[in-house]
Amino acid sequence: MEKQGSLACVGLGMTLGAHLGPRSRNHIEQADVVFVGVSDPLVELWVQEMHPDVRSLQPYYQEGKPRTDTYREMVEAMLAEVRAGRRVCGAFYGHPGVFAQAPHRAIAQARQEGFPALMEPGVSAEDCLYADLGIDPGVTGCLHLEASQMMFYRRKIDPSACLVIWQAGLAGDRSLARFSTPRAYRQLLVDLLAEDYPLDHPCMLYEAATLPIHEPRIETLMLRDVPDARVEAQTTLVLPPARPLQPNEAMLARLRALDEAAKRDDATPVIP
């Protein structure tokens, strides 16, 4: 009987060697071939220690090449091995389902063609951000937006929540072919944010640590200074709340009415 191929896309986590879960490691070790999608060559070398056939997806990226083409080629490279009856593992930086289109597309395509396919989560930059910045999303809530999407579309901002803007270094890129955008693009992002935040509002530039010997980058600055700061593709811009939570008096009144009704029901004697 011909061997059926399969696909597992797993997360390596953010910090080298520290975030890999046992299930993800098992998929890597038990695969016939491993495709690795990370930007750090040290991480690739580490994965190569776990498996004899590790193939880098990084060469598919090129300056000026649309990322849509890159993702399509990555998916085809992995699916070609699945169709050949091999157990394929795609190992990706962080969480394989967060800011990573190729794993989602590859899994969907594999399933459409009748092959078993799954995603195994990993520690993402968001997880590290909460820990490193001491943010509890349950306190005021967090709104997460990608920088360019925020600029391209009319998104409703709530300044009473924590605003997390991903890929700030690519703000305003319409080509999907650049690794960064210049200062003028970040200025437009700041102009947009200034509609809801004062220019002297404190914010943070954040980058998770990728090596155990490194510290995360946490740089505090005012919103007006963001265009002149060092902002890379992996830099996240975080704006703490700019105003207190506003009570919804109408909803609170309705909830009080429900509470009072529940008390009356509990006080009503039960006649046998």
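Helices (H or I, at least four residues) and strands (E, at least two) are DSSP runs, numbered from the N terminus. Keep that in mind as you click around, and remember that this is a predicted model.

**Stop 1**

Start by selecting Leu-176, in the loop between E7 and H8. At a relative accessible area of 36%, Leu-176 is partly exposed.

Now pick Gln-167, which also sits in the loop between strand E7 (162-166) and helix H8 (183-193). Gln-167 has a positive phi too, near 55 degrees, and is not a glycine either. Buried, exposed or partly exposed: how does Gln-167 count? Its relative accessible area is 25%, so Gln-167 is partly exposed.

**Stop 2: Arg-183 on helix H8**

Next, select Arg-183, in helix H8. With 38% relative accessibility, Arg-183 counts as partly exposed. Which residues does it touch, not counting those up to four places away in sequence? They are Pro-227 and Asp-228. Zoom in on the Asp-228 side chain: a polar contact of 2.5 Å joins it to the side chain of Arg-183.

For a sense of scale, draw a line from Arg-183 to Glu-49. Their C-alpha atoms are 40 Å apart in space, and 134 residues separate them in sequence.

**Stop 3**

In soluble globular proteins, nonpolar side chains tend to be buried together. To see this here, select Met-150, Leu-163, Ile-165, Leu-193, Leu-237 and Leu-239, which touch the most other members of the 21-residue largest nonpolar core. Helix H7 (147-152), E7, H8, E8 and E10 each give this core at least two residues. Which element supplies the largest share? H8 does, with three residues.

Beyond its neighbours within four places in sequence, Leu-193 is in contact with Met-150, Leu-163, Ile-165, Leu-223, Leu-237 and Leu-239. There is also a second, separate core of 20 residues, with Leu-57, Tyr-71, Val-82 and Phe-92 among them.

**Stop 4: helix H5**

Colour helix H5 (residues 125-133) and pick out its buried residues: Cys-128, Leu-129, Tyr-130 and Leu-133. An α-helix has 3.6 residues a turn, so residues three or four places apart point the same way. What do the buried residues of H5 pack against? Their partners are helix H6 (137-140), strand E6 (142-146), E7, strand E8 (202-207), strand E9 (217-222) and strand E10 (236-239).

**Stop 5**

Go to His-95, in the loop between strand E4 (87-92) and helix H4 (101-112). His-95 counts as buried because its relative accessibility is 19%, and the cut-off for buried is under 20%. A polar atom of the His-95 side chain lies 2.8 Å from the backbone nitrogen of Gly-97. Setting aside neighbours within four places in sequence, His-95 contacts Met-119, Pro-121, Gly-122, Val-123 and Ser-124.

Then move to Glu-120, in strand E5 (residues 117-120). Is it buried or exposed? Glu-120 has a relative accessible area of 9%, so it is buried. Look for Arg-23: its side chain makes a polar contact of 2.9 Å with that of Glu-120. Not counting residues up to four places away in sequence, Glu-120 also touches others, including Cys-9, His-27 and Pro-96.

**Stop 6: empty space**

Rolling a probe the size of a water molecule over the atoms shows where empty space is left. The largest pocket has a volume of about 1500 Å³. By class, the pocket lining holds 23 nonpolar, 16 polar and nine charged residues.

Last, how many cavities of 30 Å³ or more does the whole structure hold? A search finds one. The largest cavity holds about 50 Å³ of space. Among the residues lining it are Leu-12, Val-38, Trp-46, Tyr-93 and Thr-210. Seven residues of the cavity lining are nonpolar, three are polar and none is charged.

How values were computed:
Residues are numbered from 1 along each chain as its sequence is written. This is a predicted model: local features need pLDDT of at least 70, side-chain atom pairs count only at pLDDT 80 or more; totals for chains, interfaces and linings use all residues. Side-chain values use heavy atoms; hydrogens and water are left out. Buried means under 20% relative accessible area, exposed over 50%, partly exposed in between (1.4 Å probe, protein chains only). A polar contact is a pair of N or O atoms within 3.5 Å; within protein, one must be able to donate a hydrogen and the other to accept it, and residues adjacent in sequence count only if both atoms are side-chain atoms. Contact means heavy atoms within 4.5 Å. A nonpolar core is a set of buried Ala, Val, Leu, Ile, Met, Phe, Trp, Tyr and Cys residues joined through side-chain atoms within 4.5 Å. On a 1 Å grid over the protein atoms alone, a cavity is a set of points where a 1.4 Å probe fits but cannot get out, and a pocket is an open set with protein on both sides within 12 Å along at least five of seven lines; lining residues have an atom within 4 Å of a point. Grid points are joined across faces, edges and corners, and a volume is the space filled by probe spheres set on the points. Ala, Val, Leu, Ile, Met, Phe, Trp, Tyr, Cys and Pro count as nonpolar, Asp, Glu, Lys and Arg as charged, and the others, Gly among them, as polar.
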